[in-house]
Amino acid sequence: MNLELLESFGQNYPEEADGTLDCISMALTCTFNRWGTLLAVGCNDGRIVIWDFLTRGIAKIISAHIHPVCSLCWSRDGHKLVSASTDNIVSQWDVLTGDCDQRFRFPSPILKLQCHPRDMDKVLVCPMKSAPVLLTLSDCKHVVLPVDDDSDLNVVAAFDRRGEYIYTGNAKGKILVLSTNTQELVASFRVTTGTSNTTAIKSIEFARKGSCFLINTADRIIRVYDGREILTCGRDGEPEPMQKLQDLVNRTPWKRCCFSGDGEYIVAGSARQHALYIWEKSIGNLVKILHGTRGELLLDVAWHPVRPIIASISSGVVSIWAQNQVENWSAFAPDFKELDENVEYEERESEFDIEDEDKSEPEQTGADAAEDEEVDVTTVDPIVAFCSSDEELEDNKALLYLPIAPEVEDPEENPFGPPPDASGLTGNTEDASPSGDKKQRQPSSETGPAKKKARTTTIELKGVPSDEVHPLLGVKGDGKSKKKTAGRPKGSKGKDKDFPFRPKPYKGEQPSLSVETLSGSGLGGGGGMKGRAEGGLATGKYAPAAGSCADTGCLRGNPHPPTPTPSSLYCFHFM
């Protein structure tokens, strides 16, 4: 990989659209893993679609929730994925198997969740109208974090880069810095002063490199602070922001903000339209505005951890923004020159000779030095872009990619199942299906233990209202009707819903009825039967000839014998 070449002297931010990712369902939120090789997308029907970002293909689909997925976060090693849905459920998933490890049920909707950057056993959850909750997955315990004002419970929270501290912000613009292990107050400061309409903290985001973090407030200003200065000021400090970023012309409110992978740029998505504003952190100047489709609203923004690539979500589609790749042939041949017009080529006298007689003899010292130099081809150097500043080695157990198995639609025989003759010996008659399973059966599915059901833990929070509706489901007052229809639809919807005739399954042997019997009972004379075949089955203008069916829309094909069985009655009369 040539990740070292990304540290160039040129610009390191995306410039144009680079395609879209269609998840079939409506995408709501997305997040990259730590290396940027996999992209997890939460959808409106409760599914989690994991994309292989190098091939731009779907690597796995997890049927996670019934209701829409509102927040996602990867674990540090990439093996686990934590998700939250609008029905107040937080779940942990095994990415390789797609199984749910455990679930947590909260009394109010979840606005955001975040895995601990170093400890994979801790998850920070921000419920609606509640103080932030620190979950411990191993023992299913939780700790409610202290807040500045008990009456103000519109609190957002985030881990710092290494997870040593938790930063919380309320609607009055007060930031608290808490120790992750002891939950004690370490530092605090106030961002803005004024009415609650302009002082509310909307989000707190940390950079992957360095100690900087940004605060998105309701006054439409993004403030960038240095975390080391915050800890130095202590309680009730008055730190000055490094940068104040805003749209002075349009006064744009910001939906979602984040840092670039190297921490040198900041991107903010507009809450009014599909537009991305990119600033340079060190100077504070606006370097680029990326415009999406007019009229669309932005839902989420994520910057690739390593490369200058941004993923944004609007109208249920994931848009990819990247740099314009210009072909540079000099990278392959250093003496390559691009010509504006044709130039007459002058052939050298010894150009096509087997041996170049005019070639100068190489210096003996340089050749000897090259031969004596030993080249190490066994040691794998760690990629600097994948390592933190306090780490020297990469994580060998990290999950960078997902294995993709080919899907066999109609396998002729199951190589892992028992032979057809041995179905009676095994005593399991369910596995011996004549048509064969469409999904490949694993070798250990018969002898291995059954998949255990995920444990669900109910988190009880005092004084938290249980009738709150998630902001994704609509405005207050109209939330009940929208919450009813959100999520995965139950039952069949479409043409079958309005179709008046539904065939019922027939149990037992089908009776052989004659045409005379049907005509005598009223079915043949058209009494009560409406449709194209009205007028009789044996007589009338739709009467079939001997040995053929006169109905051109019959599903069984034309011609075929008009056997008056329940199946032929259904296909003849009702199609």
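The notes below go from the whole chain to its strands, cores and salt bridges.

1. **What you are looking at.** This is a predicted model, in which local features need pLDDT of at least 70 and side-chain atom pairs count only at pLDDT 80 or more, while totals for chains, interfaces and linings use all residues. Residues are numbered from 1 along each chain as its sequence is written, and side-chain values use heavy atoms, with hydrogens and water left out.

2. **The chain as a whole.** The secondary structure comes to 8 helices and 29 strands; these are DSSP runs numbered from the N terminus, helices being H or I of at least four residues and strands E of at least two. Of the 575 residues, 42% count as buried. Here buried means under 20% relative accessible area, exposed means over 50%, and partly exposed is in between, with a 1.4 Å probe and protein chains only. The chain exposes about 34600 Å², and 50% of that comes from carbon and sulfur atoms; the areas are from the Shrake-Rupley method with a 1.4 Å probe, and for residues only the protein chains shown count as cover.

3. **Contacts along the sequence.** Among contacts with a separation of 6 or more, 49% are between residues 24 or more positions apart. A contact means heavy atoms within 4.5 Å.

4. Strand 3 (residues 38–43) runs antiparallel to strand 4 and is joined to it by 5 bridges; two strands pair if DSSP finds at least two bridges between them. Val41 stands opposite Val49 here. The two strands form a hairpin with 3 residues between them, and Gly46 in the turn has a positive phi of about 90°. Strand 5 (residues 57–63) is also antiparallel to strand 4, with 6 bridges, and Trp51 is opposite Ile58. That hairpin has 4 residues between its strands, and Arg56 in the turn has a positive phi of about 60°.

5. **The cores.** The largest nonpolar core has 19 residues, and Val90, Phe104 and Phe106 are among those with the most contacts inside it. Such a core is a set of buried Ala, Val, Leu, Ile, Met, Phe, Trp, Tyr and Cys residues joined through side-chain atoms within 4.5 Å. The elements that give two or more residues to this core include strand 6 (69–74) and strand 11 (122–127), while strand 10 gives the largest share, 3 residues. Apart from this core lies another, of 18 residues, including Val41 and Trp51.

6. **A closer look at Phe106.** Which residues does Phe106 touch, leaving aside its neighbours within four places in sequence? Its contacts include Asn88, Val90, Val125 and Leu135, and also Ile459 and Leu461.

7. Four strands in the order 10-11-12-13 make an open sheet with antiparallel pairing. Strand 10 and strand 13 (141–144) are the edge strands, each pairing on one side only. The twist averages 20° from one strand to the next, where axes are lines fitted to C-alpha atoms (for helices over the stretch in contact) and angles run from 0 to 180 degrees between N-to-C directions. Strand 10 and strand 11 are joined by 5 bridges, with Ile110 opposite Pro127.

8. **Salt bridges.** The structure holds 11 salt bridges, each a side-chain nitrogen of Lys or Arg within 4 Å of a carboxyl oxygen of Asp or Glu. In one of them, the closest N and O atoms of Lys80 and Asp94 are 3.3 Å apart. Lys80 lies in strand 7 and Asp94 in strand 8, so this pair ties together parts that are 14 residues apart in sequence. Lys80, Asp94 and Asp101 are linked in a network of salt bridges.

9. **Two more pairs.** Arg256 and Glu205 form a salt bridge at 3.2 Å between the closest N and O atoms. Arg256 is in strand 22 and Glu205 in strand 18, so the pair ties together parts that are 51 residues apart in sequence. Arg256 is partly exposed at 25% relative accessibility, and Glu205 is buried at 17%. Arg228 and Asp226 also meet in a salt bridge, at 3.4 Å from N to O; Arg228 is exposed at 59%, whereas Asp226 is buried at 16%.
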